[in-house]
Amino acid sequence: MTEKQRKEAEWENINVLLMMHGLKPLSLVKRTDMKENVDLIIFDKQLSQTMRENLKTMMEETSRQQNMIQELIETNKQLKNELQQQQSRAADQEQRANDLEQIMESVKSKIGEMEDESVNRVCQQQNKIKELQKEHKALQSSKDQCRVHHVKCWTG
């Protein structure tokens with residue numbers, strides 16, 4: 001491949017990159033095709049080489065940045081999905097905690113009721129014991145009086 005063909009191939013590769021990025025390709029004009037009233041930019045060999053390298057670098061950098069942006073978009077989507085999952089789990093846990101709190105309050109209430117019932121039963125039993133003790137004393141007193149009378153009856 002001649003130097004001229006290599007340069008033309010490089011410009012064609014640059015044009016492919018430009019078009020891949022939605023840009024218009026550059027047109028190469030031969031000296032024989034140049035007309036006097038046409039606006040043209042002419043590069044010497046060194047500037048032409050520099051322009052090809054710069055354009056190639058810009059297109060590669062643009063591709064790299066587009067890939068990075070795409071990766072960031074994907075990562076952002078994944079993070080949003082993970083956040084939604086975490087929020088859903090947090091909401092489930094919060095609901096579970098609320099349910100358990102209601103159960104605990106219900107159990108506390110039932111325990112309070114049972115304690116009250118137990119205290120009432122103890123009070124009733126103590127009152128019953130006091131009544132029975134009074135009855136026992138009364139019976140004991142009556143029995144003692146009968147003995148006194150009975151002894152008097154026998155001695156008299």
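# Salt bridges, core and surface patches

Biologist: What relative accessible area does Lys77 have?
Modeller: Lys77 has a relative accessible area of 46%, which makes it partly exposed, where buried means under 20%, exposed means over 50% and partly exposed lies in between, with a 1.4 Å probe and protein chains only. This is a predicted model, in which local features need pLDDT of at least 70 and side-chain atom pairs count only at pLDDT 80 or more, while totals for chains, interfaces and linings use all residues. Residues are numbered from 1 along each chain as its sequence is written, and side-chain values use heavy atoms, with hydrogens and water left out.

Biologist: Okay, and which side chain does Lys77 meet in a salt bridge?
Modeller: Lys77 meets Glu74, at 3.8 Å from N to O; a salt bridge here is a side-chain nitrogen of Lys or Arg within 4 Å of a carboxyl oxygen of Asp or Glu. Because Lys77 and Glu74 are three residues apart in helix H2, about one helical turn separates them, and Glu74 is partly exposed at 37% relative accessibility. Helices are DSSP runs of H or I with at least four residues, strands are runs of E with at least two, and the numbering starts at the N terminus.

Biologist: How many salt bridges does the structure hold?
Modeller: It holds six. One of them joins the side chains of Glu3 and Arg6 at 3.0 Å, N to O, and these two residues are three apart in helix H1, about one helical turn.

Biologist: Is Arg52 buried or exposed?
Modeller: Arg52 counts as buried, because its relative accessibility is 3%, whereas Glu10 is partly exposed at 22%.

Biologist: Switching topic, which residues make up the largest nonpolar core?
Modeller: Six residues do: Trp11, Ile14, Leu17, Leu18, Leu55 and Met59. Helix H1, residues 3-20, and helix H2 each supply at least two residues of this core, and H1 gives the most, with four. A nonpolar core is a set of buried Ala, Val, Leu, Ile, Met, Phe, Trp, Tyr and Cys residues joined through side-chain atoms within 4.5 Å.

Biologist: What about the surface, which residues form the nonpolar patch there?
Modeller: Leu100, Ile103, Val107 and Ile111 form it, with about 340 Å² of accessible area together. Accessible areas come from the Shrake-Rupley method with a 1.4 Å probe, and for residues only the protein chains shown count as cover. Leu100 is placed in helix H2 and is partly exposed at 41%. Patches take residues with over 30% relative accessible area and no salt bridge, joining like charges within 9 Å and nonpolar side chains (Val, Leu, Ile, Met, Phe, Trp, Tyr) within 5 Å.

Biologist: And which residues gather in the patch of negative charge?
Modeller: Those are Glu113, Glu115, Asp116 and Glu117, on the surface. Asp and Glu count as negative and Lys and Arg as positive, with His and the chain ends not counted, and a charge is placed at NZ of Lys, CZ of Arg, CG of Asp or CD of Glu. Glu113 is found in helix H2, residues 45-155.
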